[in-house]
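Let's take a walk through a protein model together. Keep the picture open while you read, and look up each part as we get to it.

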Amino acid sequence: MTQSNENLPKISKDKFTVVGGKHDQTDQLAAKSVSFWKEVRLRFMHNKLAIVGFFILIIVALMAIFVPWLSPYSYREQLGVYNAPPSASHWFGTDDLGRDIFVRAWMGARISLFIGITAAVIDLIIGVAWGSIAGLVGGRVDDIMMRIADVLTAVPYLLVVIILLVVLQPGLLPMIIALSITGWVNMARIVRGEVLSIKSREYVLAARTLGANTTHIIMKHLVPNALGAILVTMTLTIPSAIFTESFLSYLGLGVPQPMASWGTMASDGNNALDTAPWRLIFPAILISVTIFAFNAVGDGLRDALDPKLRK
Amino acid sequence: MNKMPEKILEVKNLKQHFGSIKAVDGISFDVYEGETLGLVGESGCGKSTTGRSIIRLYDITDGEIIFQGKDIHGKKSAKELKQFNKDMQMIFQDPYASLNPRMTAGEIISEGFDIHGMYKNKKERKEKIGTLLESVGLNREHANRYAHEFSGGQRQRIGIARALSLDPSFIIADEPISALDVSIQAQVVNLLRQLQKERGLTYLFIAHDLSMVKYISDRIAVMRRGQIVELGTADDIYNYPVHPYTKSLLSAIPLPDPISEATRTRIPYEHEEVGDDAKSHEVFPGHFVYGTDAQVKQWYKH
Ligand SMILES: Nc1ncnc2c1ncn2[C@@H]1O[C@H](COP(=O)(O)OP(=O)(O)O)[C@@H](O)[C@H]1O
Ligand SMILES: [Mg+2]
């Protein structure tokens, strides 16, 4: 089959007018250059819920730092007024040993936040290493590593916790171990998914054709592009660790007296629910509000990072 | 072609299998210095796999690829590898996925010479970036802009500048215009032709239809299901196609004239099994068709 333009009728050029076309070589870029992270920040700041969460977290952090420091009472001091309701001198009331709940609550904030953040950092370290090796090496190594992760999450969690309780004295260490023992698996899965997807993108192929070695690809391409997902996962790990800490405190795995975490305070207060409800209510409110705030910030970050919303 | 130029690339019986998928199943062709070889075939026929095997992104299953006289999949010293990276480059299909969203245009373009340490100081680096940007029709001042600030066509120009950054002699362009607006496709094709003239580049130009390829290619290879079914000069392929698959592809090109376009009929392709004795037949000098003796004879008569 032959199709050539020669047998077409000739149409003279002046019968055509230019109605405009897309000109590609232009200087028509926005006046200001916006980096990816700057844009993320702008988008995050447009998210009201996320901003509320962000400020709540700042307030919680400031209170945790300053209240135990500036308060006239210490968290372990027994003041001789037992189960007193909230008043001008004891804003959150006192507990059955006559300790000020306001100062204990913010002391507890330190412990709960410490536990949450430590668990998240441990997840980060193990999860990122595990997930990125599995994703980068691939093949059988990937299979074996991800099967190990699957097996870990398949073991009944409470069984692991009870064994830990038997072996170790309740305290910070077993709590953090209990939180981290399976917590990193989620991070590892997310990082592996990111690595698998990024490593086959064309910009990574381009880097390889330019002669880039593995270190270059990790530092210039994988890390900057996976950072967002890692950050979001970490922000969402903290509230779930705080929640699990409270739950484990009910099982008796919480930090020992006279130390306090929100979880141990709530679990203590639970016993006096009809006589001194403030002992449960205040730590419970703090737990909920903080978890809400972390989730709002995490979701806000995820939305701000989502490339599908990017123009 | 009157005088035979040197072969820059020889592909001999290249096979690339992914498990049971035979993405490329024994293809052979040569590319001559300074020419553009169009590689055409529908999506999934193995074009990208061919390109990526040639540029060493994949380890090949079987066959031989010789570039500038050297087997590219043979053992290489670090120095030879570096030289290979400089001599052969690739332009990618997707102007979005091919630029790292966390990098500026300048960082993307300079990645190659950052890796190879090809500048003495910041000023020289900046100058190189500026020159490259201008050579692809972009503005020097765009070096600090992030990829997402550019249009599809502009992004593809950045990808072209990156491919040029190491001053290669051979460029594999993997559907460089398929993802662009029709109005911009011609601009990018013209840019590629102009760069070819200025720099004496050789192209392997991959496309999924024949419409744009005829403007840029000297010769065309038609690929189907991991095999090259027909190869010849662009004129021969257009005017005297032999393989029914090539005829079908040609019939799919829209015509610029409404009268002939109205009567254009698409020739459906009916696949004929080729037996084990199928081989490449040279029907005219330099015009090859893949099939059995009987098939080629019959196709040729039509
Ligand atoms: N890395 C891979 N692993 C497995 N299969 C692949 C891979 N790359 C390509 N393929 C398969 O090989 C075939 C050819 O793909 P490709 O070369 O991308 O085609 P084209 O570029 O012509 O559209 C397709 O069936 C595709 O699914
Ligand atoms: Mg392709």
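We'll start with the model itself, then visit a helix, an interface and a loop.

What you're looking at is a predicted model, where local features need pLDDT of at least 70, side-chain atom pairs count only at pLDDT 80 or more, and totals for chains, interfaces and linings use all residues. Residues are numbered from 1 along each chain as its sequence is written, chains are lettered from A and ligands numbered from 1 in the order in which they are written, and side-chain values use heavy atoms, with hydrogens and water left out.

The model as a whole gets an ipTM of 0.91 and a pTM of 0.81.

Now find helix H9 of chain A, residues 262-270. (Helices are DSSP runs of H or I with at least four residues, strands are runs of E with at least two, and both are numbered from the N terminus.) Seven of the nine residues in H9(A) are buried, so the helix is largely enclosed by the rest of the structure. Buried means under 20% relative accessible area, exposed means over 50%, and partly exposed is in between, using a 1.4 Å probe and protein chains only. Among the buried ones are Trp262(A), Met265(A) and Gly269(A). What do they pack against? The buried residues of H9(A) sit against helices H2 (48-70), H3 (101-137), H8 (214-250) and H10 (278-305) of chain A.

Next, look at where the two chains meet. Chain A puts 39 residues into the contact and chain B puts in 51, contact meaning heavy atoms within 4.5 Å. Between chain A and chain B there is one salt bridge, that is, a side-chain nitrogen of Lys or Arg within 4 Å of a carboxyl oxygen of Asp or Glu. Glu202(A) and Arg52(B) form it, with their closest N and O atoms 3.8 Å apart. On the side of chain A that touches chain B, helices H1 (36-45), H7 (202-209) and H8 each supply at least two residues. The largest share, seven residues, comes from H7(A).

Last stop: Gly44(B), in the loop between strand S3 (36-40) and helix H1 (47-54) of chain B. Is Gly44(B) buried or exposed? Gly44(B) is exposed, with a relative accessible area of 76%. Gly44(B) and Arg225(B) are 181 residues apart in sequence, yet 7.5 Å apart in space, C-alpha to C-alpha.
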